[in-house]
Amino acid sequence: MSSVSRIANTSGDPVPAGRAAEIVRGVQRMLADLGLASLTEVTLASGRRADVMAVGPRGEIVIVEVKSCLQDFATDQKWPEYAPYCDRFYFAVDCDFPKERIPDHAGLMVCDSFGGAILRECEPALLNASRRKSVTLSFARLAAARLMRAGEPVHTSAEPSIA
């Protein structure tokens, strides 16, 4: 998704443009239906940026990597670095994506702008307690910072990253 231009929505949460935006919208709608609160374009302490990160009602952390086309998947290999920051990792693609290309150990979602479905669950790799606390606190601070800036005409401070 990194090659896609981004726009800001009314909440101040950055979102991609084009086909990736439709997938992200569907991911966020589906996650909300499942009881998870999500943010887009979340910078991790490693400097990598997760397309979608979500926190569930029991504190589970989910990262979703959006792939809008096969070329995006083939050229972007940063996703293995997300494991230290989540309990579950998924790829989200549209219905035309060649799903057999997605690694078996990752979860798989198919989404469009109206919602989505989980086609394959992934094995959870549970975070240790201190990392979970750090990620959850960072997620909350990022969400609060974006909410606070939503009505501001100019963003003046850098967003916190997920520790």
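**Starting from Phe89**

A: Happy to! Leaving out residues up to four places away in sequence, Phe89 touches Ile63, Glu65, Trp79, Tyr82, Ala106, Gly107 and Cys122; a contact means heavy atoms within 4.5 Å. This is a predicted model, where local features need pLDDT of at least 70, side-chain atom pairs count only at pLDDT 80 or more, and totals for chains, interfaces and linings use all residues. Residues are numbered from 1 along each chain as its sequence is written, and side-chain values use heavy atoms, with hydrogens and water left out.

Q: Which residues have the most contacts inside the largest nonpolar core?
A: Those are Leu44, Met53, Ile63, Phe89 and Ile162, in a core of 26 residues. At least two residues of this core come from each of β3 (37-43), β4 (49-55), β5, β6, β7 and α3 (129-149). Another core, of 17 residues, lies apart from it, and includes Leu36, Val66, Tyr90 and Cys122. A nonpolar core here is a set of buried Ala, Val, Leu, Ile, Met, Phe, Trp, Tyr and Cys residues joined through side-chain atoms within 4.5 Å.

Q: And what counts as buried?
A: Buried means under 20% relative accessible area, exposed over 50%, and partly exposed in between, using a 1.4 Å probe and protein chains only. In this chain of 163 residues, 44% count as buried.

Q: Why is strand β6 largely enclosed by the rest of the structure?
A: Because 5 of its 6 residues (β6 is residues 88-93) are buried.

Q: Which way does β6 pair with β5?
A: In the parallel sense, over 5 bridges, with β5 being residues 61-66. Strands pair if DSSP finds at least two bridges between them.

Q: Zooming out, how many helices and strands does the chain have?
A: There are 3 helices and 8 strands. From the N terminus on, they run β-β-α-β-β-β-α-β-β-β-α. Both kinds are DSSP runs numbered from the N terminus: helices are H or I with at least four residues, strands are E with at least two.

Q: New topic: how many disulfides are there?
A: The search of the whole structure finds 0, a disulfide being a pair of cysteine sulfur atoms within 2.5 Å.

Q: Is Cys95 buried or exposed, and what about Cys111?
A: Cys95 counts as exposed because its relative accessibility is 57%. Cys111 counts as buried, at 3%.
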